[in-house]
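Dear colleague,

Please find the structure below, handed over for your work. My notes on what was found in it follow directly after.

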Amino acid sequence: MNKIYYILIALVLVFFGYGIITKKDNDPLKKEKRVPCQKTTTTFEKIANKKLSNKAVELLESGNFIIKSRIEQASFMESKILNYINVEKADEILLSVLKKYQKEQINKNDKLIIDYYILENDKEDTGKKGTKCKLYAGYLVFEFKLENKLIYKIQTDYMKMDTSDIPERMDCVIKSFITLKG
């Protein structure tokens, strides 16, 4: 009788243990990092259209893109981001990063849309939960679109209030996008 009792307990433990392990492996919020530079700060990404990704990367590499950009300032605290960066400077940084990944300039009719914004972290926003939300200076959100379809979206934090790490974060965004080709 004792053997059956122990076997039943072992089966119940294995059943629940297996359920917990498979639940953890299928967690949709699991943050797998595809590119090493994504581990530097908190980064989220979404590959929305794998079918058009090769064409989108080729357009970027051949210089066939249009940049749309903006900066979203803090509203609950005194905004300081414009003391360090503006849209024109951010676009210059992005263009210099993109130059590193261009293979050859070829004019094509199709254009990749690179739509991005820089958000200043509003540390006095009462809606923020926890102290971790106040550690980063802000974040970048990039959307790559082709044929009116979202191809790829990525959000990555920048940590320095003076925005001096934005070039590094933009480089990571472009590296991450280019890895979609293949």
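Is cysteine 172 buried or exposed? In this predicted model, cysteine 172 has a relative accessible area of 3% and is therefore buried, the limit being under 20%.

The disulfide

The structure holds one disulfide. The link is right-handed, with 85 degrees about the S-S bond. It joins distant parts of the chain: cysteine 37 belongs to the loop between α1 (2-25) and β1 (43-47), whereas cysteine 172 lies in helix α4, and 135 residues separate them. Cysteine 37 is buried as well, at a relative accessible area of 16%. Cysteine 133, in contrast, has a relative accessible area of 25% and is partly exposed.

The helix contact

The axes of α2 (residues 53-61) and α4 (residues 166-178) come within 9 Å and cross at roughly 135 degrees. The two helices are therefore oblique to each other, because a crossing counts as roughly antiparallel for angles over 145 degrees and as roughly perpendicular from 65 to 115. On the α2 side, the contact is made by Ala56, Val57, Leu60 and Glu61. On the α4 side, Ile174, Phe177 and Ile178 take part. By class, six of these residues are nonpolar, none is polar and one is charged.

Yours sincerely

Methods. Residues are numbered from 1 along each chain as its sequence is written. This is a predicted model: local features need pLDDT of at least 70, side-chain atom pairs count only at pLDDT 80 or more; totals for chains, interfaces and linings use all residues. Side-chain values use heavy atoms; hydrogens and water are left out. Axes are lines fitted to C-alpha atoms, for helices over the stretch in contact, and angles run from 0 to 180 degrees between N-to-C directions. Helices (H or I, at least four residues) and strands (E, at least two) are DSSP runs, numbered from the N terminus. Angles under 35 degrees count as roughly parallel, over 145 as roughly antiparallel, 65 to 115 as roughly perpendicular and the rest as oblique. Contact means heavy atoms within 4.5 Å. Ala, Val, Leu, Ile, Met, Phe, Trp, Tyr, Cys and Pro count as nonpolar, Asp, Glu, Lys and Arg as charged, and the others, Gly among them, as polar. A disulfide is a pair of cysteine sulfur atoms within 2.5 Å. Buried means under 20% relative accessible area, exposed over 50%, partly exposed in between (1.4 Å probe, protein chains only).
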